[in-house]
Amino acid sequence: MLGQKRTAQTVAIIGLGDTGVLVASRLVKQFKVIGITTKPNLVSGQELGKRLTDLPWWSVHYNTPLKRFLGLSAVEIIQAKAEWVNPEQRSVRIRLPDGLDSIIHYDYLVIASGTSNGFWRDDSIRSQKEIDDALQETPRALRRQRRSLSWVGVPVVSAVHSTFAVPNRQNK
Ligand SMILES: Cc1cc2nc3c(=O)[nH]c(=O)nc-3n(C[C@H](O)[C@H](O)[C@H](O)COP(=O)(O)OP(=O)(O)OC[C@H]3O[C@@H](n4cnc5c(N)ncnc54)[C@H](O)[C@@H]3O)c2cc1C
């Protein structure tokens with residue numbers, strides 16, 4: 001039976017991040033797999049430093065369209081946000097990018113939606129362009145922050161200089 005689907009049972013996976021992608025690529029060998037994900041890409045959590053300082057390099061290695069994974073070629077990928085799970089009816093209500101709702105039925109459910117931390121992770125529906133824009137915004141925000149720190153630095157240095165320099169001048 002190896003390599004053959006023993007059953008037509010359906011596994012629904014909520015979230016195609018690092019975990020969901022790995023689970024989907026393994027289970028699809030034996031089940032019909034439906035991946036429900038808010039993002040069309042695997043936006044990896046790895047190498048935060050490189051993401052902030054060398055985004056073009058980071059994007060090549062860690063921002064990967066899901067359709068490029070051969071292991072997912074037989075997975076039905078639906079871009080949507082899972083909003084409600086009904087375990088009795090074995091169904092998930094999803095919100096599609098156009099705002100419409102739909103129901104997915106499953107035999108088994110895997111929840112791999114990760115966490116939201118307000119910076120690196122969120123559960124919003126995003127297109128590829130919106131993912132790119134959001135990735136570019138964080139280094140930009142850091143650069144803006146650095147500039148305002150430099151401006152704060154000028155008066156602080158001046159104040160420190162006056163505090164220590166003026167008495168010396170007065171002593172002359
Ligand atoms: C700042 C930071 C740095 C890290 N650095 C590293 C590192 O260098 N190396 C390393 O190995 N690990 C690192 N990690 C850890 C790694 O990112 C996580 O362990 C890993 O990403 C978790 O994968 P996941 O699939 O569980 O969740 P996620 O990667 O968060 O994926 C969850 C997916 O589910 C989607 N989703 C969420 N809610 C819904 C919903 N309701 N419906 C549909 N889809 C949904 C999300 O959009 C996302 O695509 C780092 C984590 C952080 C926060």
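## Exercises on a predicted model

Gln128 is found in helix α4, which spans residues 128–171, where helices are DSSP runs of H or I with at least four residues and strands are runs of E with at least two, numbered from the N terminus. The model is a predicted one, in which local features need pLDDT of at least 70 and side-chain atom pairs count only at pLDDT 80 or more, while totals for chains, interfaces and linings use all residues. Residues are numbered from 1 along each chain as its sequence is written.

**Exercise 1.** Determine whether Gln128 is buried or exposed, and which residues it contacts beyond its neighbours within four places in sequence.

*Solution.* Begin with the burial rule, by which a residue is buried if 20 or more other C-beta atoms, placed from the backbone, lie within 10 Å of its own, exposed if 12 or fewer, and partly exposed in between. Gln128 has 12 C-beta neighbours inside 10 Å and therefore counts as exposed. Next, apply the contact rule, which asks for C-beta atoms, placed from the backbone, within 7 Å; with neighbours within four places in sequence set aside, Gln128 is in contact with Pro40, Asn41 and Pro65. Finally, consider Asn63, which is 65 residues from Gln128 in sequence, although their C-alpha atoms are 9.6 Å apart.

**Exercise 2.** Describe the open sheet of 4 strands, its edges and the helix that packs on it.

*Solution.* Start from the order, β5-β2-β1-β9, with parallel pairing, where two strands pair if DSSP finds at least two bridges between them. The edges are β5 (76–79) and β9 (108–111), each of which has a single partner strand, so one side of each is left without a neighbour in the sheet. Neighbouring strands are turned by 20° against each other on average, direction ignored. Within the sheet, 5 bridges join β1 (residues 10–14) to β2 (residues 32–37), and Ile13 has Gly35 as its bridge partner in β2. Helix α1 (residues 18–27) packs on this sheet, touching β1, β2 and β9, and its direction makes about 165° with that of β2; axes are lines fitted to C-alpha atoms, for helices over the stretch in contact, and angles run from 0 to 180 degrees between N-to-C directions.

**Exercise 3.** State how many residues surround the ligand and which element gives the largest share of the shell.

*Solution.* Counting residues whose C-beta atom, placed from the backbone, lies within 6 Å of the ligand, one finds 24, the closest being Gly15, Gly17, Gly45, Gly114 and Asp123. The elements giving two or more residues to this shell are α1, β2 and β6 (81–86), and the largest share, 3 residues, comes from α1.

Notes. Two residues are in contact if their C-beta atoms, placed from the backbone, lie within 7 Å.
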